[in-house]
Amino acid sequence: MKNRKKDTHWLVGVAMMAAIVVLLANTPLGMIQLPIIKATTTHIPVIIGAILLGPMAGAVLGGVFGLCSLVSNTVAPVAASICFSPFLAVSVGGMLGAVKALWVSVGCRILIGVAAGWLWIALKKIRVHDAIALPLVGAAGAMTNTAAVMGSIFFLFRAEYAAANNLAMSAVFDFIMATVVGSGVMEAIAAAILVTAIGIALLRVNRTRTLPA
């Protein structure tokens, strides 16, 4: 009975977080206007879900995030959408191109939840306080997203990315590093703040529910 309740709690938690991911991915709520750029917040429920429910939940939620990205880049493509949509990538790279795009859009986002979940477990094992562990996990999850996506684009879609952004092949690395430093750092800071604020409240509620009557 206890295991059944635990499984139900896990499924309900994942479903709720997945709904939030879909909401953020399809509304302006998924973007924060910063002084210079816009930072995505869609990975925030992925990271929080990984903290509360474990790496497996984080992987599922990351997959949902990735599928939303795949659909968005397919139905409303922009310059670099060929790197995220298998349906667009297959036209230039065949099945291999489709597989590479699937990795960038979905595989890299799965890594967010896996990395965040296991980092949280590791920090809790060495008894790092929540006020320190939460921002560390939030920032690490966001940087995992940026590094995995942009790194994969560099290694798998360098030529296509250069063409989409009117860049010389030799300039792709500098352009990607500028994105990582500019957008990635800002998103890591935003994730650290939001994951800490939301996570402290949710962890308190979660622990209260598990206390014996």
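User: Among contacts in the protein chain between residues at least 6 apart in sequence, what percentage join residues at least 24 apart?

Analyst: A contact means heavy atoms within 4.5 Å. In this protein chain, 64% of the contacts between residues at least 6 apart in sequence join residues at least 24 apart. This is a predicted model, in which local features need pLDDT of at least 70 and side-chain atom pairs count only at pLDDT 80 or more, while totals for chains, interfaces and linings use all residues. Residues are numbered from 1 along each chain as its sequence is written, and side-chain values use heavy atoms, with hydrogens and water left out.

User: Which elements make up the secondary structure of the protein chain, and in what order do they run from the N terminus?

Analyst: Helices (H or I, at least four residues) and strands (E, at least two) are DSSP runs, numbered from the N terminus. Here there are seven helices and two strands, and from the N terminus on they run α-β-β-α-α-α-α-α-α.

User: How many salt bridges does a search of the whole structure find, and which side chains meet?

Analyst: A salt bridge is a side-chain nitrogen of Lys or Arg within 4 Å of a carboxyl oxygen of Asp or Glu. The search of the whole structure finds one, in which the side chains of Lys 124 and Asp 130 meet at 2.6 Å, N to O.

User: Is Asp 130 buried or exposed?

Analyst: Buried means under 20% relative accessible area, exposed over 50%, and partly exposed in between (1.4 Å probe, protein chains only). Asp 130 is buried, because its relative accessible area is 13%, whereas Lys 124, at 28% relative accessibility, counts as partly exposed. Across the protein chain, buried residues make up 44% of the 213 residues.
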